[in-house]
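Dear colleague,

I am handing over the structure below, and after it I set out what was found. Please keep it open while you read.

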Amino acid sequence: MIGEYCKQYRKQLGLKLRDVEGSSNIKALSAFESGRSTNIKHLEKYVILSVNNGDDSKFLFGLAQVIVRECK
């Protein structure tokens, strides 16, 4: 699932939910990572995070693999 992939990416960077979301809406982001929310708008935060960390190609490739697996 996309949210789980994003969660693993965040953890690989050693970040907490608060580091990605700020203090405003941690519960919604947690729900996305746990598969309880399908709001794809949260994905934007992880894409921006990957760009800022200079590993957007790797992140997007992994994301594409997750999407292909989910479509099968």
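E21 is found in helix α2, where helices (H or I, at least four residues) and strands (E, at least two) are DSSP runs, numbered from the N terminus. This is a predicted model, in which local features need pLDDT of at least 70 and side-chain atom pairs count only at pLDDT 80 or more, while totals for chains, interfaces and linings use all residues. Residues are numbered from 1 along each chain as its sequence is written, and side-chain values use heavy atoms, with hydrogens and water left out.

E21 counts as buried because its relative accessibility is 15%; buried means under 20% relative accessible area, exposed over 50%, and partly exposed in between (1.4 Å probe, protein chains only). Leaving aside its neighbours within four places in sequence, E21 is in contact with I26, L29 and K45, contact meaning heavy atoms within 4.5 Å.

**Confidence**

As for pLDDT, the predictor's confidence in each residue, from 0 to 100, the protein chain has a mean of 93, and 100% of its residues reach 70 or more. Within the protein chain, confidence is lowest in α2, at a mean of 90, and highest in α1, at 96.

**Helix α4**

In helix α4, which covers residues 43-52, the buried residues are L43, Y46, L49 and S50. Seen down the axis of α4, these buried residues fall within an arc of 120 degrees, so they line one face of the helix; the arc is that of the directions from the helix axis to the C-beta atoms. The buried residues of α4 pack against α1 (2-12), α2 (17-21), α3 (26-33) and α5 (56-71).

S50, itself in helix α4, is buried, with a relative accessible area of 0%. Setting aside neighbours within four places in sequence, S50 is in contact with Y9, D55, D56 and F59. Just after α4, G54 takes a positive phi of about 75 degrees.

**The cysteines**

A disulfide is a covalent bond between the sulfur atoms of two cysteines. When a disulfide is taken as a pair of cysteine sulfur atoms within 2.5 Å, the count comes to zero disulfides. C6 is in no disulfide, and the nearest cysteine sulfur, that of C71, is 15 Å away. C6 is buried, with a relative accessible area of 0%, whereas C71 is exposed, with a relative accessible area of 65%.

With kind regards
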